[in-house]
Amino acid sequence: MTTNATEHIGQPNEKAGGVFEKIARSEAFRSEVHESVFKDDAVLEIKNFRLWYGQKQALHSISMPVPRGKVTALIGPSGCGKSTLLRSVNRLNDLVDSVRIEGDMALNGDSIYDAGVDVIELRKRIGMVFQKPNPFPMSIYENVVYSLRIDGERDKRVLDEVCEKSLRGASLWDEVKDRLQESALAMSGGQQQRLCIARAIAAEPEVLLLDEPCSALDPIATGRIEDLIEELKGSYSVLIVTHNMQQASRASDYCAFMYLGRLIEYGATDTIFLAPRLRETEDYVTGRFG
Amino acid sequence: MSPAIERAGASPAPKKPVQKRERRERRSTSLLAHGEPFVWLAGGAMATCLFMILGLLALIVYQGGATFWPSDVPTIALRNGLAVAGEVNATESYRPEAGAYTRLPEGARAQAQAYVARQDGESERRMVRVGNYEYTGVHYQWVSDFEIASTQLDPWMTVIERLARGTASGRFYGVPVAYEFDGKVQAEGSAAAWAAFVAEHPRSVARHERAEELSTHEVGAVNAQLEASRLEVRAVELREGTDTPAHLAAKRVGVERDRVLEQRFLEIGQQIAALRAENAKHLLVLETADGTRAKMQLADIVRAYQPNGLSALGKLRVYLSRWWEFLTGEPREANSEGGVWPAIFGTVVMTLLMSLAVVPFGVLAALYLREYAKPGFLVSTVRIAVNNLAGVPSIVFGVFGLGFFCYIFGASIDELLYAERLPNPTFGKGGVLWASLTLALLTLPVVIVATEEALAAVPGSMREGSYACGATKWQTIQRIVLPRAMPGIMTGMILAIARGAGEVAPLMLVGAVKIAPELAVDGTFPFLHPERSFMHLGFHIYDLGFQSPNSEAAKPMVYTTTLMLILLIVLLNVAAIYVRNRLRRRYTAGPI
Ligand SMILES: Nc1ncnc2c1ncn2[C@@H]1O[C@H](COP(=O)(O)OP(=O)(O)OP(=O)(O)O)[C@@H](O)[C@H]1O
Ligand SMILES: [Mg+2]
């Protein structure tokens, strides 16, 4: 447990409001982080993390643990910095020239932003699925085993095994097992997204980052992916961004509400949806906001 | 309730009615707004371009395709008592001058003048390819209508394509009358002589080819051994010094070796002489239209046929046999007859070598510009410079290639590796390698620009996906970006091929020649000879059209060679497009 977060404990401000005004006035405020999130051991620890795009600050002092083996949802209005936070975990933001960061994160206790960190190795420990399916221009098989290929794995047996296991894990195996050598680009959007998930879990990452994985899919494909997330729970720690409140409430164990680059409230999903401590959170999850 | 939520939740304030701009009154939409004139303008421009391109192509295809068709050979009796026979190449009307009638006998002049006067002073004339150069001194002759007494098609009139021997060159037109063997007449009369010719001709040709092979390959091999022997001695001399013991010993060994080789040389010479002597015994006797009798060695005859008696099928056979020779044969009679195989081969080899050089270089340069270099003033400058390179006249590239590749680069290679051959240059002169590199330089901008565009078109999401999997930048480029950009890179290559294969001016400086004795790829080690000069279809066209001593006879070949060059470029392009489309299906197919 971090000292930073314990401060909040025992300061219940029953349905307190006024957080947005504080933000508008640029006053300091504290994220409402429930005690429940510290129950589980954290796979990822975000510590007072701040990020700027050029002069513009996109993330303000975010501190939160991400519990191991659970699904944690990030919700919040468009532009509040959910993707930015997610992309900071595997340091994809390094690719953006104007980005400057302060603070740190820790993956299983190892710092992510230390000077000596090998970004390539770090990214291999973190899987990511993007909003739009982005299969690579190669066969389905090669897509799945991509992370092994770049590690120089040549053994056909190992590759075959990983390919099948990952595709089964992404519940795609039955659909594609006869056409593994065909181009991945000829699949449907939903299949492509599940392929991307298979690709991400093929490397057996410690954390799986999902950035609105269902936004380009129809309800049936969305349902399949939600089932999939349900199955992944336990073996993987998942951090998922979603705009779909039902999805968040159905699929996640923990839920974090963000607004204008700040973490507003973070707790067990049930609590966030049924009995949030802040009025703003309640308004957002019930759809009265924005 | 907090103000923020209040703002969001409150009903919107009543809107002010939107102020509309006054519309200008017009009775009807203006012509410009309709756009039809521009459609017509654009369509017209397009049609004009298409018309010119198709017209050019049609001309080339027609002329190139018709050249080899065997036409009839009329025997034309002239009013002055002479007779000519030959293929009619062109017909035109002209105004005869007064002097034109002096060739006619006195009695016929008035009649001819009256004939021309009836046609408003105009007369038709035809260009007859009379051939028989050793007797007539010309290849072509204009024959006017009023000169002709009678025209007939002699079924035995034979067209003979032959190898040049002394002054005897170009085609021969005559009627076979006898067949001689070893000074004795064996057959008399057209039919019998022709039958004897048909029976013996293949054997004579085989002997001739054997003799040719002996005198080029075997003599060449002995010559190469002699040269190698000389070079060995010279190498020892260079290494040990002149007249040192080692040099003298090498010299002695060399003399011994050379004696054996010279013995072999003599033997080959005797074989060749025997074959030639045998061939000299077989003679076909022909009578020309004006009654001259000519004897011709069978071995000199490449092709003989009687067009006047030939059925359509027979003509087709001659036509195809000529095409076959054109495609696979070597040029003869100063390039105006025979084939263009060496030129086709040279063009293909040069184009392939050029592609091999330009694609990797262009792609690497584009990769650096697009993926690695920080965008800024320097990169923009480089990009502009590259684009401007495309506008430099190609002859300048030729000059540069000659100076840099041949004289600096090639000469250095010679000094390092072929010192014993100096002062004869090996790489220090024009050759297929230097020509390819020069053209690679010429087409580099095309490839760079196309590749850069293809790289820029690779979706960022694919790159991010690769990075997110833990790939390094180079792995991402190698496994994602390049395959995905490959169709675009192929487009660049296609454009480069189209540009490079048709280029002539720079080649004249860096290695294209009128006649290349040997191909750049052959059976002697090391099989690819990049230092050899080569023949090129584009240069061949120039040579045929403007450098030929018998330019009228070479003219049809200009069309066929042009047709060939166009077909070749189309073929290379189709191959590249086929590969590109396969890649494209593989790397970019799919929904969205
Ligand atoms: N590459 C960038 N350069 C500059 N500003 C950026 C960049 N990417 C994002 N931003 C800004 O950072 C803020 C957060 O963006 P982010 O993409 O994280 O939002 P989000 O919560 O994921 O929104 P959405 O739900 O619409 O995906 C936005 O104000 C956005 O304009
Ligand atoms: Mg986003």
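Biologist: Where is Asp182(B) found?

Modeller: Asp182(B) sits in the loop between S8 and S9 of chain B. This is a predicted model: local features need pLDDT of at least 70, side-chain atom pairs count only at pLDDT 80 or more, and totals for chains, interfaces and linings use all residues. Residues are numbered from 1 along each chain as its sequence is written, while chains are lettered from A and ligands numbered from 1 in the order in which they are written. Helices (H or I, at least four residues) and strands (E, at least two) are DSSP runs, numbered from the N terminus.

Biologist: What is the phi of Asp182(B)?

Modeller: Its phi is positive, about 55 degrees, although Asp182(B) is not a glycine. Asp182(B) lies in the turn of a hairpin formed by S8(B) and S9(B), with two residues between the strands.

Biologist: Why is Ser61(A) called partly exposed?

Modeller: Ser61(A) has 19 other C-beta atoms within 10 Å, so it falls in the middle class. Ser61(A) lies in strand S3 (residues 56–67) of chain A. Its phi is near 40 degrees, again positive in a residue other than glycine.

Biologist: Why is S8(B) described as largely enclosed?

Modeller: Eight of the ten residues of strand S8 (residues 172–181) of chain B are buried, so the rest of the structure largely encloses S8(B).

Biologist: How do you know that S8(B) and S10(B) pair?

Modeller: Pairing takes at least two DSSP bridges between two strands. S8(B) and strand S10 (residues 282–287) of chain B share six bridges, in the antiparallel sense. In S10(B), His282(B) is the bridge partner of Phe181(B). Strand S9 (residues 184–188) of chain B also pairs with S8(B), antiparallel, over four bridges. Thr158(B) stands opposite Gly174(B) in S8(B).

Biologist: What makes S2 and S6 of chain B edge strands?

Modeller: They belong to an open, antiparallel sheet of three strands, ordered S2-S1-S6 in chain B. Strand S2 (83–85) and strand S6 (148–152) of chain B each pair on one side only. Strand S1 (residues 75–78) of chain B is joined to S2(B) by three bridges. Thr75(B) has Ala85(B) as its bridge partner in S2(B).

Biologist: How does the radius of gyration of chain B stand against a compact globule?

Modeller: The radius is taken over C-alpha atoms, and the globule rule is 2.2 Å times the number of residues to the power 0.38. For 592 residues a compact globule would be near 25 Å, but chain B has 35 Å. Its C-alpha atoms fill a box of roughly 130 × 95 × 40 Å along the principal axes. Buried residues make up 32% of chain B. The chain has 17 helices and 14 strands.

Biologist: Which residues surround ligand 1?

Modeller: A residue counts as near when its C-beta atom, placed from the backbone, lies within 6 Å. The shell includes Tyr53(A), Lys82(A), Ser83(A), Thr84(A) and Val96(A). Helix H3 (residues 82–89) of chain A gives the most to this shell, three residues.

Definitions and conventions:
A residue is buried if 20 or more other C-beta atoms lie within 10 Å of its own, exposed if 12 or fewer, and partly exposed in between; C-beta atoms are placed from the backbone.
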